Amino acid sequence: MLSPALILLACFYFAPVALTTAFAFTDMSTATGIGTGAYVITPNTLRGLQDEGLPEDVAAQVMAETYIVDRAGLDAAVAAGMDEGFVADISARLTGRAYDSARDFIRALRELPNAPRSPRAITAAAEIFGRSALNRRFETREELAEALAIATPEGAIETREQLLDASYTGAVFTTENFRRLATQRETGRVLLNTLFYVSATLAIFNVGLALFLAITLFYLPKGLMGVFGTLWLLPRITPLVLYAILWKWFTWEGGFLPILAEQVGLPSFNYMKGSVVTAWITMISLNGFIGASFGLILFSGALRTIPMQQLWASEVDGATRWQQVRRIILPQMRWPILFVTTYQTMSLLASYAEIWLTTNGGPGRTTTVWALEAFRTALFNYSGNLEYGLGSAMALMLVIVGFALSLVYLRLFRFDELVTRPRIEF
Amino acid sequence: MRLHLDNFTKRFDGNPVIEGMNFVVEDGEMLALLGPSGCGKSTTLFAIAGIYRADGGRILFGDRDVTNLPSQRRNVGVVFQNYALYPHMSVEENIGFPLTVGRIRRDKAEVARAVREIAELIHIEELLARKPAQLSGGQQQRVALARALVRRPGILLLDEPLANLDARLRLEMRSEIRRIQLETGITAILVTHDQVEAMSMCDRVAIMERGRILQIGPPTELYRAPVNRFVAGFLGNPPIVFLEGRTAGQGSFAMDQGLHLPLPPRLRGLPADRPISLGIRPEHFGTGGTAQATGRVTFVEPQGRETLFDIETAPGVILRSVQPAREDVGVGDIVTWPIDVDNLLAFDAEGTRL
Ligand SMILES: Nc1ncnc2c1ncn2[C@@H]1O[C@H](COP(=O)(O)OP(=O)(O)OP(=O)(O)O)[C@@H](O)[C@H]1O
Ligand SMILES: [Mg+2]
């Protein structure tokens with residue numbers, strides 16, 4: 001009975017987290033691809049290694065071209081459609097020879113009887129016999145190791161290993177992502193943005209406004225609740241794209257708010273992206289209105305479970321409305337408030353689509369939050385190199401922060417006090 | 001404080017629940033509102049507390065008209081049927097709550113002193129640190145009472161305070177509430193549908209039926225001289241037995257089934273052949289009197305101190321008798337027992353007592 005549930009749990013809950021964790025410790029990106037890579041030494045690789053102390057002479061040897069006339073080279077030459085006589089000449093006179101420089105080899109080729117006239121053709125022919133390790137794609141590590149052994153026969157073993165490691169084009173395991181996140185200046189800024197975004201949206205809308213509305217509606221005639229509940233659900237059930245367009249229409253220049261502001265003589269501009277303050281207000285409100293309905297419905301339900309007689313009792317005891325709310329109602333709302341806070345913190349931490357479709361983190365990067373940054377890093381950016389590894393590392397941090405926060409909330413709201421001993425004893 | 005309901009009316013969604021109710025509770029008196037479920041007892045109580053608005057008439061506390069005052073400013077103490085304790089507060093905070101809200105600021109020491117004082121009166125000093133969930137029903141009841149009294153209210157209102165307690169505890173709390181009411185000298189109204197509770201705890205009892213007070217007076221008066229059949233039938237356990245018949249010659253009563261009984265002397269002047277019903281309480285049959293009835297015992301119920309009998313005196317006519325415990329009579333026996341004619345109650349066709 002339990003196993004299907006466990007399999008589902010494993011597939012849909014643990015697998016994403018496990019994969020994210022695994023990816024977070026790789027340098028996977030568009031460049032590396034997600035499959036296995038090949039081994040290629042580029043001038044860039046060498047330059048990078050030289051900064052890390054690769055000996056000058058080894059670099060030079062790897063970079064140097066070598067030309068060897070052998071069976072493989074000859075076959076390649078035939079396949080490339082070279083003049084048959086020329087190939088026969090090469091085979092007859094030069095087989096087994098090796099040259100250290102292009103100049104020497106070309107001179108040797110030109111002296112052959114059937115050598116073509118044009119220098120261009122001779123250079124092309126020379127290239128076929130080139131055996132440089134540079135810029136060549138090797139499928140396995142061993143193939144490149146062989147090529148290196150020829151190129152730098154006296155290079156130290158560990159130097160060669162270093163070259164082999166650096167030449168791998170696939171993803172490798174590394175903690176580099178976390179080092180980068182920890183040292184990058186941008187990280188702190190995005191963190192602060194996220195903290196501000198989540199706490200402001202939570203406090204003002206998801207808990208604050210929702211609680212305020214729930215309590216207000218609680219004191220109003222019954223029918224209003226249904227109407228309001230539906231009204232406040234609208235942002236949640238509206239397709240996100242429509243909702244985003246609505247906000248654009250609402251806040252962009254020529255939109256509803258700027259025109260209204262102009263009428264009354266207030267500064268009128270594109271509120272969504274025109275200034276840091278208005279961008280924040282827009283972003284927090286548009287996310288807040290989506291989240292407020294959740295709290296409103298949950299809080300309204302919780303309010304209705306408070307026995308009417310308790311409220312009557314408090315009034316008879318002399319409590320004013322405000323005292324009734326503060327001393328009787330709010331203390332009994334601790335659990336729903338905790339739940340909404342925790343749940344909404346998680347959704348806000350992870351949400352980016354609304355922001356991406358509206359302020360897109362702007363103006364500049366002033367409203368860029370962690371999830372949006374992770375999304376851009378891993379899945380959507382203009383430079384074209386999607387850094388899956390770094391993005392996963394950022395996502396993993398979100399998961400860890402979310403988990404840690406829920407523990408903090410439980411302590412903060414003294415969950416242990418809320419869970420009293422079970423009423424049914426075993 | 002004297003309480004006066006003057007022509008009080010209450011409607012819910014246009015349906016009148018209480019119509020033109022009048023009564024007075026004197027200062028220091030305890031009145032019971034007794035009646036069947038749904039007759040409007042709680043409604044009356046909540047209107048006095050200010051929880052419900054009156055739709056007509058006046059409510060006076062002493063000389064003060066409080067009809068339009070919100071409950072916060074009426075200074076009444078209410079004990080609700082399910083106690084309505086605040087679950088998130090300790091007992092001490094629950095009792096102190098009325099002193100910490102409202103417009104008057106009291107310092108902590110003063111509140112603590114008042115709470116301690118009332119806790120001593122109600123005998124719950126050792127429970128002050130607990131939460132309501134950690135109390136038994138009787139203890140919760142006491143806490144609710146303490147909370148209702150801590151502000152020294154002018155009037156104490158109790159809505160079926162004993163309904164949720166077991167029989168023993170009910171007995172104990174009955175005398176406790178009365179003791180506390182007498183000690184504090186507070187004017188109180190007790191809502192109940194238990195006649196024993198009403199009669200044993202209160203100075204006067206008001207019998208209600210469908211939003212009207214039928215009779216109000218000391219318990220013994222209601223029992224001895226009920227104004228109508230409803231009151232007579234509501235009070236008394238085991239209940240009174242009504243016999244339907246007609247007046248016959250020489251001040252007697254005759255049933256179609258053949259039973260004949262003399263009427264009490266004060267009713268001998270009734271004209272003949274009037275339909276009336278005769279009420280015989282069980283304690284007035286089989287214990288002494290001038291008339292007699294003969295019948296077969298159909299049911300015996302020993303109750304320890306007393307024994308209950310059902311006697312079939314004519315086909316389908318069953319009289320009930322309660323007597324000091326006796327074992328000499330069994331089911332099937334034919335007995336002839338006296339009837340105390342002076343204490344018989346007679347009602348006319350409309351149910352009014354004659
Ligand atoms: N809030 C309300 N809305 C509509 N009708 C109500 C409301 N409260 C009470 N009633 C009606 O008013 C009548 C009196 O109710 P009330 O609660 O006063 O009865 P009660 O005498 O206290 O009964 P019980 O012994 O069962 O508590 C009932 O018929 C009830 O249905
Ligand atoms: Mg009631």
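Visitor: Is B:D273 buried or exposed?
Guide: B:D273 counts as exposed, at 52% relative accessibility. Buried means under 20% relative accessible area, exposed over 50%, and partly exposed in between, with a 1.4 Å probe and protein chains only.

Visitor: What am I looking at, and how is the numbering done?
Guide: This is a predicted model, where local features need pLDDT of at least 70, side-chain atom pairs count only at pLDDT 80 or more, and totals for chains, interfaces and linings use all residues. Residues are numbered from 1 along each chain as its sequence is written, chains are lettered from A and ligands numbered from 1 in the order in which they are written, and side-chain values use heavy atoms, with hydrogens and water left out.

Visitor: Back to B:D273. Where is it?
Guide: B:D273 is in the loop between β13 (260-262) and β14 (275-280) of chain B. Helices (H or I, at least four residues) and strands (E, at least two) are DSSP runs, numbered from the N terminus.

Visitor: What about the phi of B:D273?
Guide: Phi there is positive, about 65°, although B:D273 is not a glycine. Most residues other than glycine have a negative phi.

Visitor: Which other residue has a positive phi without being glycine?
Guide: B:N75 is one, with phi near 55°. B:N75 sits in the loop between β5 (64-65) and β6 (76-79) of chain B, and B:N75 is partly exposed, with a relative accessible area of 28%.

Visitor: And the peptide bond from B:N237 to B:P238, cis or trans?
Guide: That bond, from B:N237 to B:P238, is cis, with omega near -5°. B:P238 belongs to the loop between α8 (229-234) and β11 (241-248) of chain B.

Visitor: Now helices and strands. How many does chain A have?
Guide: Chain A has 22 helices and 4 strands. Its radius of gyration is 34 Å, well over the 22 Å that the globule rule gives for 426 residues, so chain A is more spread out than a compact globule. The radius is taken over C-alpha atoms, and the rule is 2.2 Å times the number of residues to the power 0.38.

Visitor: What box do the C-alpha atoms of chain A fill?
Guide: Roughly 120 × 70 × 40 Å, along the principal axes. For chain B the box is roughly 75 × 45 × 35 Å, taken along the principal axes.

Visitor: How many helices and strands in chain B?
Guide: Chain B has 8 helices and 19 strands. Buried residues make up 52% of its 354 residues, while in chain A they make up 41% of 426.

Visitor: Where do I find A:Q310?
Guide: A:Q310 lies in helix α16 (residues 308-316) of chain A. A:Q310 is buried, with a relative accessible area of 5%.

Visitor: What does A:Q310 touch?
Guide: Not counting residues up to four places away in sequence, A:Q310 touches A:I328, A:Q332, B:A84, B:L85, B:Y86 and B:P87. Contact means heavy atoms within 4.5 Å.

Visitor: And which side chain makes a polar contact with A:Q310?
Guide: The side chain of A:Q332, at 2.6 Å. A polar contact is a pair of N or O atoms within 3.5 Å; within protein, one must be able to donate a hydrogen and the other to accept it, and residues adjacent in sequence count only if both atoms are side-chain atoms.

Visitor: Last one: B:F46, buried or exposed?
Guide: B:F46 is buried, with a relative accessible area of 5%. B:F46 is in helix α1 (residues 41-49) of chain B, and its contacts beyond four places in sequence include A:W312 and B:F80.
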